Amino acid sequence: MSPALRRMVAEARPLRRRLALSILLGACSIAAGIGLMATAGYLISKSALEPPILSLGVAIGLVQFFGVSRAAFRYLERLVSHDAAFRFLGRLRVAFFERLEPLVPGALGTARAGDLLSRFVGDVETMQFLFLRALAPPLVALVACAGAVSAAGIVLPVAAPVLGAGLAAAALIAAAATGRATRTSSRQEAPLRAELSSKIVEALAAGPELVAFGRVGWELERIDTVDRDLGRLGGRHGRVAATGDALVLLASGVTLAAVLAVSASAVAGGKLGGVWLGMLALLALSSFEAVRPLPLAAQQSGAVAGAAERLFELTDRAAPVREPASPLPIPSSGVLRLEDARLRYASHLPWILNGASLELRPGRRVALVGESGGGKTTIAGVLVRFLELDGGRATLDGHDLGEYASDDVRGLVALDDQDAHLFSTTIRENVRFARPGSSDDQIAAALRRAGVWDWVSSLPDGLETYVGETGDQVSGGQRRRIALARAFLSGAPLLILDEPTAHLDRATAEGILEDLLSGADDTGLLVITHDPLMLDRFDQVLRLENGRIV
Amino acid sequence: MGPLDPRLLREAPAIRRFLVGACILAALSAVLVIVWAELIGRVVARVFLEGGDLASISTLLGLLVAIAALRACVGWALETSGQATSRQVRGGLRRRALGQVFRARPAGLGDLRTGEVATSVTSGLDALDPYFSRFLPQLVLAGVVAPAILVWVAFRDPVSALIMALTLPIIPVFAVLIGRAAEARTKRRLSALSLMSSHFLDVVRGLATLRAYRRGRAQVETIAQTSEQFREETMGTLRIAFLSALALELAATMSIALIAAVIGIRLVNGSVELAPSFAVLVLAPELYLPLRAVAAQFHASADGLAAARRVFELIDLVPAVTKPVAALLAPDPGSATIRLEEIGFAYEGRNAAIFSGFECEIRPGERLLVAGESGAGKTTLLSLLLRFADPQQGRVTVGGIDLRDLDPDEWRRRIAWLPQNPRLPTGSIAEVLRFAAPQASEGELWTALEAAGCTTLVSALPDGLDTKVGEGGRQLSSGERRRIALARALAREASLLLLDEPTAHLDAGAAAQIRSALERLERKQTIVIASHDASLRAVAERTISLAEVRR
């Protein structure tokens, strides 16, 4: 078991009673299935001796009992195991969310944070299979096989080691072949898979040029080459897995023959009543039912281990900012200053901020321009304590920002992120969470200030309007304005707006800026933009170049 | 939705071949399992009733092992052929879907998202794997082995066959009945359920926003509550959903129990013999096994088919331009006039027309500058010339022939294009240039580089033409990229050269280099330059301003 998987199993410790119960029920179900066939074999053999029909009553009753209990145990096992899996999932969601929370967005790095988070969610959800598909089947098989071997041993001691060896061989073959195929396939196929998707993404991005230059066929052929390599590897691994399945089938045949052989010589030697022969045969045959789910379990445990590894890799990262042990009380307003700020995302990467200085104070409107990827968003991250500087100072009224609790800083400085998220709920809730307990009037006022109230009030459901999954029911401009309303509602005396006009057409962008700059109040504003729009309306325009303000 | 999507069968002939092969293997498997059961019955009867010793059954045991080996081989063949079919079908569907995406969105993906398209043709298609390698083989086995066993048992022991024949249909009937009862409830629950599981995704995706407003930790409570609610609701659904599995298993186990009891009673009467009865008992679970496997894999199959349908949506995209059945020969724009006649064009889903009643003429060999603000339709004009789209009204003609009557690929062969944001494929300079001109000799590449003003740049590189550029190679500045892209367009032997904003987003020095390269170009092609850069007027012989002429 991989270390990540072991850590994940440790997370499931509080649920161990439920898990043990589900394993017991699963083993009982399989044992009942074996019991059904074994007693049926005994029943038929006994009948062949033509005894009085009443003497078969017990055997017939047992057969019926096993028949019913096999299905009943299985039903119960499914309920208990799924319930446990969902409880586990609930715990993990909370536990990993708590670990992830301080890391976002500072520790995610700059690129593809959205993908990282989506994968995080997918990986957490995968953990519902940790128990259901990866851990339970081998444990159930172990208990059930132990039961079957003991039963065989009671009837004929010498049959026990034969059956035990056969089952063990089958289990090992299944686990080894599938485990090997899964391991090598994930190791060897993963880079090819990544190459395939990056080739496809590249081709899709270069679509117009491929079409214009008549290279679509050529590009598809290049993609197919990777696919063929992947297919060859997949074929090899698939054949290994299939060979495992075939060997399990063969092992069951050989074991049956061996059990028949030792039982037959025991019957011939008078050490075993002939009536037990059929029972042992069917016991041996049906006990391989326990081994059947193992290949799939081996495969699943590989997938689950991969997801567990990714989860721990992410949540084991160091928090990007340290919280002070005894934070300073936060002033109700103040001057936020960046002095000679230096920051880079890793020691091998270039400085993204290299001596940048700026000042933000209430009532002042500052525009920050510069190339995209030039560190403008990084400055915003530093000012709201998502990121820690590597050099220089970020101060609030002369005190280092790190001396305040970061949530207090965020109460003073609101950041409207360039891809501010709209939650799949109503417009009201999407704005209100910036200041819980706000009245509809306050929300309406914030929306009005963001220039979107006319639109909201024209909607049939008004504030109750559902914005759709990640806000896809509203247009880009409305989305930005709803996010902006949030920043206004927060009541923070300092606002940082990161690209409030990105992805908008010019009229909408100008509308938003106009609304923003025409309001006469005491809010300090830092507008980050790559778009040189209406710059003359700001009190100060700063340009960020090569990590410093010029 | 049936387990076999007719569309999938139609689109992928490999599946039909696989089904035929699988049926043969399944028939073989049925024969083997029957022989196997008979052998076990014979062994038990010989030792138990006839007092045979180990030696007397050694041949039978040997045969038993041999049959087991053969069954293993058949299983192996079935599984691997399923895998191979899966790979073949997935590869075919991927290729067709991608090809269609390029045909339908030649100017860029637009409403389709790169990530979504890439996912549905890669990991999305992988969902078809369990469908082919597990579900379909089991389905074929269920369809072939179960009837074969039934027929054989009818021949050996009609009473048991009757029990089997009566209980076998119970399984699907029960599954359907209970499934239906649960379905309405499940559907209602499922929508609630997907809402809840997406809640976690929503919160995590928006975590940075939540933290900016100090609401990050507040979500822990909500997540715990939602998860608990999710669990309770789901378990409510599962309690019913699992009933169908319960009924299915109960039908299988109870009929085995019934068969055993009935055989026992008749054995006591002496109306049947042990060996065939024992064989029937061994066969009974084999009758239900594939059916149960099919039921267990049903979700995998549904997932796989859903993935296939998403790919079919891509395959069904309408091509942006149609290829005529009998295409005319494309006239050479180097010697024929191109006319845009009464053009009306609007992008789909947008009301504002880019062009309406637009007229324009491009004379052979001329250098035309198309000026206008961004959004005025310069790029659209080039798109119409490239046939990334056809106008909704009016027509574009070359030498009097409507472009719609030409094979688009044939027509594009005569065009070279410098896009606004050229994407250079990763590779050496030579590879980048040969992307547009696969047949060009090294000398021709150098000529093109020289014409684009890249000679100094490339000859200074350590490996010359073979220097890797872009990701993992030498980084090019945006001016250098633009010039290499210009060289790429020039390397193509095309008589119509379309340049889209060749100087946009470049600093003054880089823009001047492009401009002087354009000035020095030999006069052998018709050149259309779309740009809002007024300094390019010097390069052109004629300028049309879209702001003035359009509409």
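Two residues are in contact if their C-beta atoms, placed from the backbone, lie within 7 Å. On that basis, the contact between the chains takes 107 residues from chain A and 102 residues from chain B. The model is predicted.

**Contact between the chains**

- On the side of chain A that touches chain B, H8(A) gives the most, with 27 residues.
- By class, this side of chain A has 59 nonpolar, 27 polar and 21 charged residues.

**Domains and the nonpolar core**

- Chain A is divided into domain 1, residues 3-315, and domain 2, residues 336-549.
- The centres of domain 1 and domain 2 of chain A, taken over C-alpha atoms, are separated by 51 Å.
- The largest nonpolar core has 346 residues, and those with the most contacts inside it are Leu280(A), Ala281(A), Leu283(A), Val413(A) and Ala260(B).
- Helix H8 of chain A, residues 216-268, gives the most to this core, with 20 residues.
- Because domain 1 (3-315) and domain 2 (336-549) of chain A both give residues to this core, it lies between them.
- With neighbours within four places in sequence left aside, the contacts of Leu280(A) are Ala152(A), Val155(A), Leu156(A), Ala159(A), Val259(A) and Ser263(A).

**Gly234 of chain A**

- Gly234(A) is placed in helix H8 of chain A.
- Gly234(A) counts as buried because it has 24 C-beta neighbours inside 10 Å, and the cut-off for a buried residue is 20 or more.
- In sequence, Gly234(A) and Ser185(A) are 49 residues apart, whereas in space they are 7.0 Å apart, C-alpha to C-alpha.
- Apart from its neighbours within four places in sequence, Gly234(A) is in contact with Ser185(A), Glu189(A) and Arg87(B).

**Leu447 of chain A**

- Leu447(A) has its place in helix H14 of chain A, residues 440-449.
- Leu447(A) is buried, because 26 other C-beta atoms lie within 10 Å.
- Leaving aside neighbours within four places in sequence, Leu447(A) is in contact with Val431(A), Val452(A), Trp453(A), Val456(A) and Ala485(A).
- Leu447(A) and Glu464(A) are 17 residues apart in sequence, and 14 Å lie between them in space, C-alpha to C-alpha.

**The antiparallel sheet of chain A**

- In chain A, 4 strands form an open sheet in the order E2-E1-E4-E5, and the pairing is antiparallel.
- E2 and strand E5 (399-400) of chain A stand at the edges, each with a single partner strand, so one side of each is left without a neighbour in the sheet.
- Helix H11 of chain A, residues 376-383, packs on this sheet and touches E1, E2 and E4 of chain A, its direction making about 120° with that of E1(A).
- Strand E1 (residues 336-343) and strand E2 (residues 353-360) of chain A run antiparallel and are joined by 6 bridges; Ala341(A) stands opposite Ala356(A) in E2(A).
- E1(A) also pairs in the antiparallel sense with strand E4 of chain A, residues 391-396, over 5 bridges.
- In E4(A), Arg393(A) is the bridge partner of Glu339(A), and Ala394(A) stands opposite Leu338(A).

**The parallel sheet of chain B**

- In chain B, 5 strands form an open sheet in the order E6-E9-E10-E3-E11, with parallel pairing.
- The edge strands are strand E6 (415-418) and strand E11 (542-545) of chain B, and each pairs on one side only.
- On average, neighbouring strands of this sheet are turned by 15° against each other, direction ignored.
- E6(B) and strand E9 of chain B, residues 496-500, run parallel and are joined by 4 bridges; Trp417(B) stands opposite Leu498(B) in E9(B).
- Helix H13 of chain B, residues 378-386, packs on the sheet and touches strand E3 (367-371), E6, E9 and strand E10 (526-530) of chain B.
- The direction of H13(B) makes about 145° with that of E10(B).
- Helix H18 of chain B, residues 478-491, lies across E6 and E9 of chain B and runs at about 175° to E6(B).

Note on methods: Residues are numbered from 1 along each chain as its sequence is written. Chains are lettered from A and ligands numbered from 1 in the order in which they are written. This is a predicted model: local features need pLDDT of at least 70, side-chain atom pairs count only at pLDDT 80 or more; totals for chains, interfaces and linings use all residues. A nonpolar core is a set of buried Ala, Val, Leu, Ile, Met, Phe, Trp, Tyr and Cys residues joined through C-beta atoms within 7 Å. A residue is buried if 20 or more other C-beta atoms lie within 10 Å of its own, exposed if 12 or fewer, and partly exposed in between; C-beta atoms are placed from the backbone. Helices (H or I, at least four residues) and strands (E, at least two) are DSSP runs, numbered from the N terminus. Domain bounds come from an automatic or database domain assignment. Ala, Val, Leu, Ile, Met, Phe, Trp, Tyr, Cys and Pro count as nonpolar, Asp, Glu, Lys and Arg as charged, and the others, Gly among them, as polar. Two strands pair if DSSP finds at least two bridges between them. Axes are lines fitted to C-alpha atoms, for helices over the stretch in contact, and angles run from 0 to 180 degrees between N-to-C directions.
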